[in-house]
Every structure is written in structure tokens, then in C-alpha cells.
Amino acid sequence: MNSSPAPERGIWKIISASSVGTLIEWYDFYIFGSLATVIASQFFPKTNPTAALLSTLATFAAGFIVRPFGALVFGRLGDLIGRKYTFLLTLVIMGGSTFAIGLVPGYERIGFAAPLLVLLLRLMQGLALGGEYGGAATYVAEHSPPHKRGYYTSWIQTTATLGLFLSLGVILIARHSLAPDRETSIQKFNEWGWRIPFWVSIILVAVSIYIRLKMKESPLFARIKSEGKISTNPLKESFGHKMNLKMVLLALFGATMGQGVVWYTGQFYAQSFIENVCHVDFEQSRTILIWSILFATPFFILFGWWSDKIGRKWIMLAGMFLAVISYRPLFNQLLNISDVTKSAELGDKKEINKKLTPTTGGQMLMVTTTKRYFENGNSQIEMKTDTVGTSATLNPQLKSSKMLGQSAYWKIVGIIFLMILYVTMVYGPIAAFLVELFPTRIRYTSMSLPYHIGNGIFGGLTPFIATLLTTIYTDNKLVGLWYPIIVAVICFIIGLVYINNKIDPNVND
Amino acid sequence: MKKGATHEHKLDHWLLTKYQQRIFKSIFNNCKMNRIKRILGILWILLAPVAIYYLVKTGLHEMQKKPVIDTKIQWMVFIVVFIPIAIGLIIFGYYAWKGEYDHLPESSEELT
């Protein structure tokens, strides 16, 4: 059985087939998160406590915490039946669940079954994602020559970020293309148009399944299978043997834990921060992220390639170190740049619009929109909604958002770019690093678990924990950053002291 | 060095001494590094229960302060998820303390 690396032309087919599928899985996973508010209003009405409970579970636990379980289930399958069929299966489960979420009728039509179905499908998504990444990374690495393993696997690493990019793009396009008028289009999107990104998934998945069906099994796995050397119980071998378990723990505490928090702080908490703490406009906060991702993505490849020359360890640790020392000043800059009070208001440009709208309860709603302009190019929109004309008034609601001027907008793009650059440093070489830690017979299982604990739990919970900290210590807007900083510091020390920078030339074992 | 040794012999002797020095230095550094690894192992063993104590204490305080379902779920999830990870950190610390990470495996024969 030939187990030598694939020829140069063949490897690009392998990389593209693996990457497209992984990208689609990330896309599927992110659209649920990006549309969480719309989905909550359709399936999880706050008036029903059980539905609200399911909502918390669906957005909170199912997506992230279930991922390590997916890593165990599908990792085991991948080491038993092969990489090709396992990550084909995860793709089918992910695509099917995503498409099905787009078909589930709302709470108003089928009642309690709606949130239950959505929760179940979200669980399936988390499980599938837990199984996908390890398979794709292993598959590409097992086809790569030793001196290019970091470079080739870094293409897989771009997919998580590009999946987010794609999901943001599809959502923004769908939000604006349902009617010629912007407000009507957004209204239609909130009613039913949010289903479009879920339906789009099935086309992408179908194409990817077609491509993946044509792929061959990993040569290394095929060889050990033909020699009868595959593991009979990969879970027991991975976590029951001290020699393997200690490497799994080292991978988690010395690499993936810190990598996970750096990733989720740079890409997700940063976006949530500029939207909810800095109060930057919904669409601006998303386009800022889109630009930053676009500029930073090539660096995944660069750092993957570089890790083949100088080793994985120092690049990953440098990314963690830079994140630790610069997060607080960078987030502080985000606050300063978006602070409208630091610039004089252009009083003559102030616009006030009042609009009366009748409600279904026979009341009249007065919406007062005040737009202020500032010398630095920023503007602030305040929307006050109040009831008029009746004695039974609702509590007046005040919403405020800021539109950044050109200069402030690009400065924030630059800051987010820098944070995503750290992501590319910690994430670009990590697939090659993990693959090289474990032998072929238990590689899928052993590398998937630390990856998904690091990314799903430590990383995935970053926005929640950071936001939660800001609700406990309300006087400090940057307090949420202590969570990623402390986790990254611990991981940096463990990585520095215990991890070897040596590149394993032989993953054929 | 013996009297009357040739220039080549002197050079050989000097190189050998340098080589030996380097080996000794490397062994010394390795020993020093291994000692750091072991001492830090104790820190990881202690860090895990401290982190869980702080997590449970904050969680209980927050659940009492705001006894709604969302708060309870959030904190319960944090506690349930992070306890096994903390146990993992204790095991990692124990292995480090026992010198299991003094030498990292370089081939799969050492692993399986």
C-alpha cells in the first residue's frame, strides 16, 4: 500500500475538497449564532418560561458544549472506519440540520414543538462540527509532505474565519434584497427572510458532498487498515493510556486553551464589544469585521508556512503573548474612538424627526429620532419610543447607536485586524502541531478532543463569560477581558515550559 | 595535555573540551528546566481547586442575587463544564510533578 504524500497537483484537490466542506460547516454553525435574536423571537417567546429555558440552552450550551462530545463520537468513528466516510457523515448531518432549522414552523404555529425541534437540530450541529475539523485537518496532514504540513493544513485553518465571513455576507445580502425599501426589506427578513441563509446551506452542502465522494481514503489510514493495525478502541487508547493522555492534556493546556480564547476574543467578543458596549451601528459593526477578516485571512497561510521553517511553538506563543499584553489597550482604543463626547457637536446639523404610528392595542406610538453630528465625522442616532394619547402608557424605550465617520471606521478596522492577526498566529499552525502529537491509529480521536475543549468550551464561552463579568463589575467596561487574558497567560506558561518546538518529520506511524 | 603534543592534538583536545562543556551545559540546563517543570506541576495542582472554589462562590452569589432561570442555567453550565477540566488540570499537574514531561515522546512507539 502506497502511503507517500500526494503529488503537488493532487494535494490541491485534497485541500480544496476538505476546506470547502469545513467552510460550509462553519458557515452553518455561525448563521445560527448571528441570527440568534431573530430565531429567539420566532421560536422562543420570552412569555413562555420553558421556551425561554430552551432558548438559553440552544444558544448557550448546545452549540459549544456539545462539540467535545462530537469530537469523541466522530473521532472514534474516524479512527475505526476511516477519515473519508466520517467527515462525509458530519457534513451530511450538519447540512441536514441547518436546512431543517430553516423549515421548522414558528412557535405560533406548532407551539412547544418548535423550540424543541430547534434545540435538537442545534445539538446535531454542535455534534457534527465536533467531528468535522479533526477529520479535515488529519486528512490534509496525512497527505502532506513533512516540510509543507504547516502550509497545507493552514488552508483548513482559514475556513473557520471564512465561514464567518460567508455567513455575515449572506445575512447582510438577504437583509437588503427582499424589498426595494430598506426598512421593508429588514422587516421581511425578520418575518421569514432569516430562513434564506439556512436554505442556502443545502446547495453548498450538496456541492461539497459531491466533491468529497470523489475523494480517496487517507493513504496512512488505508495502509494501517490493510496491515490490520487500526485501533479497536480508540477512546480507551487515547485517554486510558497514560502516555497518550498526558499528550492530550498537554495539547489542551499548552496550546488549544489559549488559542481558543484568543480566537473568540478577536473575532466574536470584539464584535459584540463594538456593538453592545461602544454602541456602533448593527451593520457597521458587521462590515468592520468583514473587512478585518478579509485583510487578515492570508496570514493564516503565512504563519502556517512559516511554522514549517521555524517550528509551531514560537509562532503560537508569540500570538498569545501579544494578545495578553495588548488586549486592554486595544479595547480601550475601541472605546475612545467610538466615544462621541470627545468631539464637539455640530449643533446646526442636529435632526429631530417625530413619527406617530397606531398600535394594534388602539394606542398611538410616538417615535422620536434624534440624529446628532460631531466634528470627528461620527454621528449618533437616538430613538425614543413612547405611547401618547392614552392613560395606559408603556415604559418609554430609548435606543442609541453610533455611525462612525470614515477615519474612526478604518481605525477600528485596523484594531480588529490586529486582533485577528493574533488569531492567525495561534490558529494557523495548530492543525499541524496537533497532528504531529499523535499516531495515525488514534489521531482523529486524540486531536479532536483537546481542540474542541479548547475552542468549544474555553473559546466558545469567551463572549458569554466576558459579558457576564461586565454585568457583575458594572463600573469597568474592560473587566470581561480578564477571562481571556488569564486563560492565555496560563496557556502561554505551560506552552513555554512543556511544549517542544521540534517538528515531527514522520506522521506515518 | 602531554608535553610535546602536536598542534593538531592541542586543537583536538580544545574542541573535545568545548564539546564536553556544551554537553554538560545542555544536561545542566535540561536538569534546571526539568526542575522548573516539576515545581510548576505543584502550581497546576493547586490552581485547579482554587479556580473551582472561586467559580462556585461567584456562581452561588450571582444565583442568589438574581434568581432567574437564565442566571441559574448559565452558572450551572459553567460549574458542570469546568469541574472535569479542573480535574484534568490536576492530572496534568500531577504528571508534571512526577516528571512525566521531562522527556516528550519523539515517536509513536513511545506513545502506544
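The model is predicted: local features need pLDDT of at least 70, side-chain atom pairs count only at pLDDT 80 or more, and totals for chains, interfaces and linings use all residues. Residues are numbered from 1 along each chain as its sequence is written, chains are lettered from A and ligands numbered from 1 in the order written, and side-chain values use heavy atoms, with hydrogens and water left out.

**Interface**

Chain A puts 41 residues in contact with 37 residues of chain B (heavy atoms within 4.5 Å). The buried area is about 3500 Å², with 75% from carbon and sulfur atoms. Buried area here is the accessible area (1.4 Å probe) lost by two parts on being put together, summed over both.

The rule finds 2 salt bridges across this interface. A salt bridge needs a side-chain nitrogen of Lys or Arg within 4 Å of a carboxyl oxygen of Asp or Glu. A:Lys242 pairs with B:Glu100 in a salt bridge.

H13(A) gives the largest share of chain A's side, 9 residues. By class, that side holds 30 nonpolar, 3 polar and 8 charged residues. Helices (H or I, at least four residues) are DSSP runs, numbered from the N terminus.

**Second largest pocket**

This pocket holds about 790 Å³ of space. Its lining has 28 residues; closest to the centre are A:Tyr483, A:Val487, B:Ala51, B:Tyr54 and B:Leu55. H1(B) supplies the largest share of the lining, 8 residues. The lining divides into 27 nonpolar, 1 polar and no charged residues.

**Salt bridges**

Over all chains, the search finds 16 salt bridges. Two are tabulated.

| Pair | N to O distance |
|---|---|
| A:Lys242 – B:Glu100 | 2.6 Å |
| A:Glu142 – A:Arg83 | 2.8 Å |

The A:Glu142 and A:Arg83 pair links distant parts of the chain, H7 and H5 of chain A, 59 residues apart.

Methods. Helix = DSSP H or I, 4+ residues; strand = E, 2+ residues; numbered from the N terminus. Nonpolar A, V, L, I, M, F, W, Y, C, P; charged D, E, K, R; others polar. 1 Å grid on protein atoms, 1.4 Å probe; cavity = no way out; pocket = protein on both sides within 12 Å on 5 of 7 lines; lining within 4 Å. Points joined across faces, edges and corners; volume = space filled by probe spheres on them.
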